[in-house]
Amino acid sequence: MSTDLAPEVAKPRRFKFNWVDSFLWFVRVAALIAITIGVVGSFQNFAAGEGPSATAWRDLIISSITTGSMYGLIALGYSMVYGVLGFINFAHGEVFMSGTMVGLISATMPFNNGFWDSSPFISIVVVLLVAMITSTLVAIVIERVAYRPLRGAPRLIPLITSIGVSFFVQYAFAGLFGVATRNYPPSPPGLAADLSIFGITLPISGTRALVIAVAVVSMIGLWYFVTKTKTGSAMRAVAEDKEIAGLMGIDVDKTIVTTFAVGGAMAGVAGLMWALLFRGVDFLTGFLPGIKAFTAAVLGGIGNLPGAMLGGVLLGLFEGVGPLLVLGGLGIPGVSQLKDAVAFAALVLVLIFRPTGLLGERLGSEDRV
Amino acid sequence: MSIDRYVRKWGPVAGLVMSFMAAIGMIRSFDGRMMINPVLSLGYIALLLPPAVFGYLAARGEVNVLEEQERDVPGGAVKGAMVGLIAGLVTVVFMLVTAPFDLSGFFPNINDAMVDVMTFHQGLGLGSLILIAVSTAVGAMGGALHGASEVVRAGVLRSLGWVMLFALFELVVTDIIDVRAIVRFIYAAGGGLQLWSALIIAALAWWLGGRYAGRRAEFSDMAKASEAGSRLRYSLIGIGILLLIILPMLVGGIVNELLINVALFILMGLGLNIVVGQAGLLDLGYVAFFAVGAYGTAVLTSPLSPTFAPALNWWLALPIVMIFAAIAGVLVGTPVIRMRGDYLAIVTLGFGEIVRLLLLSDWLTPYFGGAQGITRIPGITVGPLTISGTSPELFIYLTMIFVAIAAYISYRAQNSRVGRAWAAMREDEDVAEAIGISTVKAKLVAFVTGAIIASFAGALFSAKVGTVFTNSFDVLVSIIILVVVIVGGMGSIRGVALGALMLIGILGGPKSQGLLTEFAEFKLLIYGAILVFMMLKRPEGLLPSVRRSRELHGAEAEQDAWLDRRGDFVDEDAEEAIT
């Protein structure tokens with residue numbers, strides 16, 4: 001059974017040569033050449049013993065994968081909402097931020113009375129629950145207040161609304177929590193150390209291993225939910241055709257709320273991951289990860305759930321390893337500053353090379369990108 | 001007795017809004033601004049607005065396009081009072097729940113000072129009762145207003161509106177009047193209107209407005225019709241232009257500074273209006289073109305430009321910058337030509353951020369100065385004068401000229417061949433292509449025109465400020481220009497001007513303050529709220545273009561919506577047969 005939420009409509013391809021196409025081909029070829037030169041340059045540097053060591057590369061890849069799996073979880077929310085309602089919920093990054101911010105309260109209190117260190121597992125589960133509940137509630141409220149009245153409006157209107165919602169939520173949190181960055185308590189000692197299984201120490205910290213494990217478990221749970229449960233089938237039916245789904249006895253509004261709630265819960269899980277990986281949160285925390293997660297969703301094929309996860313991990317690798325591997329190889333200084341630029345460039349290139357994403361299907365004319 | 005459905009709905013909402021505004025520190029911060037000295041501060045206006053507005057809404061009940069509204073004063077007042085009562089109770093409960101704990105570690109704005117303002121400085125016990133009583137009374141007034149006759153309603157709203165305008169525009173009014181005795185009569189020493197002057201303004205607004213309400217309709221009918229009308233219209237436009245020319249001479253430096261900001265945003269708004277409003281391409285990276293204009297001018301004119309410093313005259317640099325902007329427009333426009341709607345929005349946003357990040361990076365620092373930016377950009381030479389930001393009363397005229405050019409371009413473009421192609425493309429791209437419009441060309445022309453207008457704004461901006469830094473060009477600017485266009489009315493030139501005046505002038509731009517400095521902290525919150533509100537209630541903007549509003553509110557659409565709301569069964573087949 002397919003896990004696609006987006007409708008699939010076949011469309012014959014038009015063959016027409018013009019100068020826009022030739023410009024795009026030029027961009028494609030130039031990008032490929034630049035990437036090749038960069039990668040070859042990096043390998044030469046590596047062979048010559050310059051640049052980062054093998055261990056540094058390995059750590060970079062591991063940390064990129066963990067960040068990427070966080071993007072993937074946020075991307076699930078984008079992908080599901082896009083699949084069901086057909087618009088980009090720009091405010092989804094803020095849903096993620098709200099979970100992280102409120103989760104902070106539930107982490108600071110046990111840290112202050114020592115509970116955080118004495119029973120780390122329970123504390124983290126509490127933070128996870130608080131973050132998930134907050135994000136879910138925020139997502140549901142946003143849907144109810146801002147998006148439901150716009151059902152059936154021209155496509156750009158919900159998108160512009162979601163930009164407004166995004167700003168409103170950001171600055172509401174700035175007003176509530178203040179603008180200063182606050183820090184989560186450090187990972188409990190058991191997690192901060194490198195993971196060891198059966199006496200073999202692996203080169204990955206417990207926190208990172210936990211993040212990847214949580215991402216994989218959430219992904220499997222979500223996949224099960226969407227493909228095997230009744231609610232999941234209803235969601236896919238609504239994604240396919242709202243009116244027909246309604247005629248088949250599906251409560252469309254309820255299903256859409258469920259979609260937002262599940263997306264919110266996943267963003268809440270991602271919020272906990274952010275807390276464990278980066279610790280610092282402020283009201284702008286959601287903005288960049290939100291856009292990157294959207295990029296991840298597009299990369300994997302929007303509306304496609306495994307695609308979102310794959311896209312997240314790939315984007316994590318692009319922005320983590322890409323600057324050093326490609327730009328470093330081209331001899332550009334200060335590559336770490338260009339991390340975000342690489343992520344955005346990846347978005348542009350993906351949409352030029354393969355607008356339907358890696359696992360996406362060709363979309364119908366109305367949904368053509 | 002069962003409580004009215006709308007009272008149950010809006011009462012708690014009003015209470016939550018009040019509590020929310022208190023929790024983010026808005027009430028306390030606004031309390032610093034006196035509106036009517038010493039009775040009323042902006043904080044209390046903000047605090048009491050929810051019960052009034054939601055009381056009105058509860059009294060209105062269900063909206064029905066085709067049926068006359070029921071209006072009765074006592075009934076409305078009772079409903080409004082109940083909304084106010086519930087709102088007051090919710091707010092008091094919120095204060096009582098938070099007061100015993102010290103939450104300032106997490107929520108810096110929920111503290112004793114907040115409670116003090118909210119309870120009218122009377123302590124939690126007595127103050128809570130006062131809050132509930134006042135909220136109930138204001139709610140009742142809001143509800144009663146709905147029941148009142150048309151004349152009374154219009155009169156009350158007009159009076160309140162004019163009093164608020166005079167209080168908000170204190171700085172402008174004092175600059176214009178500039179006679180100490182009169183100013184002292186109108187405004188109190190600590191800021192804010194005097195009580196009596198507020199009453200006089202209210203009475204005048206009521207009386208004069210009532211007298212001329214009928215005449216105005218007559219006037220606008222006349223302006224629409226016949227030859228005499230066109231003469232009238234031209235003379236009105238003439239008077240408007242004359243006022244615009246005189247205004248900067250009357251007001252002081254601060255207000256002129258503000259007007260320049262407003263004019264720059266009108267300029268960018270006009271450019272984005274072509275891309276978003278006319279061609280329907282949602283560009284979230286518009287600031288990139290502004291950056292091209294500003295950095296282009298900086299590199300070409302500043303003697304301190306890091307690598308390449310020809311130190312040209314501003315007027316010589318301008319055409320070169322325009323060419324750069326046009327190239328940038330093509331470079332951004334071509335890859336996104338095949339993309340639609342939301343993808344286009346995100347990709348352009350990505351382009352905007354890429355430009356900023358590249359300008360900031362070590363890689364391009366040798367050319368653009370990185371975080372240090374480029375400084376010592378000279379002013380603009382006009383004859384013997386050098387005009388820069390230090391003489392805002394002259395700079396404003398220069399900006400106005402460019403606004404006029406941009407307005408002329410948009411006006412001419414609207415009804416030209418390409419303008420009609422944009423409109424067709426906006427409504428349906430496939431159909432537009434099918435009837436032989438080259439959408440590729442139309443899109444590129446839109447991007448390039450928009451880019452060139454933004455580069456004007458960039459060139460003026462860098463000459464005015466004298467320095468360019470990357471933080472003037474973040475994504476926030478793009479979004480705020482978009483809000484200006486949307487609030488004013490997509491596709492409408494007057495709308496953009498109104499939007500910029502209201503938003504940038506009063507609330508303030510991304511990096512600049514508006515007339516209400518108290519808003520600075522909350523302006524982006526308000527921007528977000530306005531954007532959502534406009535999209536939900538008036539997507540065509542305040543002063544929409546005729547064509548655009550027809551698109552969004554066809555007569556049939558209204559009828560359908562009405563039928564939907566009634567929940568009646570609509571036989572779609574039968575309807576199709578009719579149409």
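Two strands are taken to pair if DSSP finds at least two bridges between them, and helices (H or I, at least four residues) and strands (E, at least two) are DSSP runs numbered from the N terminus. The structure is a predicted model, in which local features need pLDDT of at least 70, side-chain atom pairs count only at pLDDT 80 or more, and totals for chains, interfaces and linings use all residues. Residues are numbered from 1 along each chain as its sequence is written, while chains are lettered from A and ligands numbered from 1 in the order in which they are written.

In chain B, strand S1 (residues 34–37) is joined to S3(B) by 2 bridges, and these strands run parallel; Asn37(B) stands opposite Gln194(B) in S3(B). The open sheet to which they belong consists of 3 strands in the order S2-S1-S3 with mixed pairing, and its edges are formed by strand S2 (40–41) and strand S3 (193–194) of chain B, each of which pairs on one side only.

Helix H1 (residues 5–23) and helix H3 (residues 42–60) of chain B have axes, fitted as lines to C-alpha atoms over the stretch in contact, that come within 9 Å and cross at roughly 165°. H1(B) is therefore roughly antiparallel to H3(B), a term applied to angles over 145 degrees. Contact between residues requires C-beta atoms, placed from the backbone, to lie within 7 Å, and the residues that make the contact between these helices include Trp10(B) and Met18(B) of H1(B) and Pro50(B) and Phe54(B) of H3(B).

Beyond its neighbours within four places in sequence, Leu267(B) is in contact with residues including Phe402(B), Ile453(B) and Phe456(B).

Leaving out residues up to four places away in sequence, Thr439(B) touches Met425(B), Glu429(B), Ala432(B) and Glu433(B).

The contact between the chains takes 44 residues from chain A and 44 residues from chain B. On the side of chain A that touches chain B, helix H1 (19–47), helix H6 (156–177) and helix H14 (339–353) of chain A each supply at least two residues, and H6(A) gives the most, with 15 residues.

Definitions and conventions:
Contact = placed C-beta atoms within 7 Å. Axes fitted to C-alpha atoms, helices over the stretch in contact; angles between N-to-C directions. Parallel < 35°, antiparallel > 145°, perpendicular 65-115°, else oblique.
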